[in-house]
Amino acid sequence: MTMYPTPSYPSPAYPAPAYPAPAYPAPAYPAPAYPAPAYNKDNKYADITITSQSDERNLDGSSQWSYAQSDYTTREESQVQKKMQGVTYDSYGKESYGEVLGNTNKGSSYWVSPEGQKFTLTWTADEAGFQPKGDHLPVAPVHEYELPVAPVHEYELPVAPALPYSRTGPGY
């Protein structure tokens, strides 16, 4: 077998390409024309600001949040998930009664009316429904009356007269 030497060739030399740089005109966008804010100059509550705020969401489904404003208006609310009895539906829409997860909620609000009257509202919402409480809420009238009593008749029942008794029968 005959061995041939490996041929060697000179490396090719190519000139670097020369492309002209593109000449794009700079975009000329007009400044956005937003309408002037339409604030009501007669707004008597324009100076009210939020003085504190919190919002907490927990992995167990519970949460609580609150805020307070510079006009002393406050609101706070919390909710917790709990197991309760309720209606569930299967994938066919069939209804059954059993244990479900639901939310219980409680909170309070405080505010002052434009007339200067102070209001406080507290509430609870759970399996018993929504139960608001506040001195300003209307209250159903309480009827105070006596239940009628059936008349009682006092009389003596007639009694059968006592007859003489004597034992009769075999062996006496």
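Rings of Phe, Tyr and Trp count as a pair if their centres lie within 6.5 Å. I kept that cut-off at hand while going through this predicted model.

**Entry: aromatic pairs**

How many aromatic pairs does the structure hold? I found 2. One of them joins Trp 65 and Tyr 67. I read 6.3 Å from centre to centre and 10° between the planes. That pair is stacked, because planes under 30 degrees apart count as stacked.

I then turned to Trp 111 and Phe 119. Their ring centres are 5.4 Å apart, and their planes meet at 20°. This pair is therefore stacked as well.

**Entry: cover on the rings**

Trp 65 has a relative accessible area of 26%, so I noted it as partly exposed. Tyr 67 is partly exposed too, at 25%. Trp 111 comes out at 29%, again partly exposed. Phe 119 is buried, with 14%. The reason is the cut-off: buried means under 20%.

Next I traced strand β1, residues 50-57. How many of its 8 residues are buried? The count is 0, so I wrote down "hardly covered".

Which way do β1 and β2 run? They run antiparallel, and 7 bridges join them. Strand β2 spans residues 63-69. Across the two strands, Asp 55 stands opposite Trp 65.

Note on methods. Residues numbered from 1 in each chain as written. Predicted model: local features only at pLDDT ≥ 70, side-chain atom pairs only at ≥ 80, totals over all residues. Heavy atoms only, no water. Buried < 20%, exposed > 50% of the residue type's maximum accessible area, 1.4 Å probe, protein only. Helix = DSSP H or I, 4+ residues; strand = E, 2+ residues; numbered from the N terminus. Pairing = 2+ DSSP bridges. Phe/Tyr/Trp six-rings, centres within 6.5 Å; stacked < 30°, edge-to-face > 60°.
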